[in-house]
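Subject: Structure for you to look at

Hello,

Please find the structure below, with its sequence. My notes come after it.

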Amino acid sequence: MAETKEISKYLPLSETTCYTMLCLAEEPLHGYALMQKVSEISQGTISIGAGTLYTIFSTLEKEELIEMVSEADRRKTYSLTLRGRQVLALQIQRLEIMAENGRRIK
């Protein structure tokens, strides 16, 4: 229970942060590739600019939700940490509850 409470302090995630973490959960990515993937999986509804993305990277790295796994030619590649996966799982659970409630309204 204490672990869930500790993890839940990061919630709710912003939409752009959630999409960033979703992409990094699948595979390590550098910034440009991540921006393209977010646009793709969000079906074009989310577009993350470089400034926003690097702010997200900085915050998530500081909170140990992502980690840099490589750096080549000034391209830093990031991956989701175990803690990041736990936060993302709780966010998805929250969104599922919200979507369920939304489907009930006609």
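Here are notes on the sheet, a helix pair and the core.

This is a predicted model, in which local features need pLDDT of at least 70, side-chain atom pairs count only at pLDDT 80 or more, and totals for chains, interfaces and linings use all residues. Residues are numbered from 1 along each chain as its sequence is written, and side-chain values use heavy atoms, leaving out hydrogens and water.

Helices (H or I, at least four residues) and strands (E, at least two) are DSSP runs, numbered from the N terminus. Two strands pair if DSSP finds at least two bridges between them. Three strands form an open antiparallel sheet in the order 1-3-2. Strand 1 (29–30) and strand 2 (66–72) are at the edges with a single partner strand each, so one side of each has no neighbour in the sheet. Two bridges join strand 1 to strand 3, and Leu29 has Tyr78 of strand 3 as its bridge partner.

Helix 3 packs against helix 4 at an angle of about 105°, with the axes 11 Å apart. Axes are lines fitted to C-alpha atoms, for helices over the stretch in contact (heavy atoms within 4.5 Å), and angles run from 0 to 180 degrees between N-to-C directions. Gly31, Tyr32, Leu34 and Met35 of helix 3 meet Ala50, Leu53, Tyr54 and Phe57 of helix 4.

Leu34 and Phe57 are also among the residues that touch the most other members of the largest nonpolar core, which has 27 residues. Such a core is a set of buried (under 20% relative accessible area, 1.4 Å probe, protein chains only) Ala, Val, Leu, Ile, Met, Phe, Trp, Tyr and Cys residues joined through side-chain atoms within 4.5 Å. Helix 2 (15–26) gives the most to this core, with five residues.

Regards

Notes: Buried < 20%, exposed > 50% of the residue type's maximum accessible area, 1.4 Å probe, protein only.
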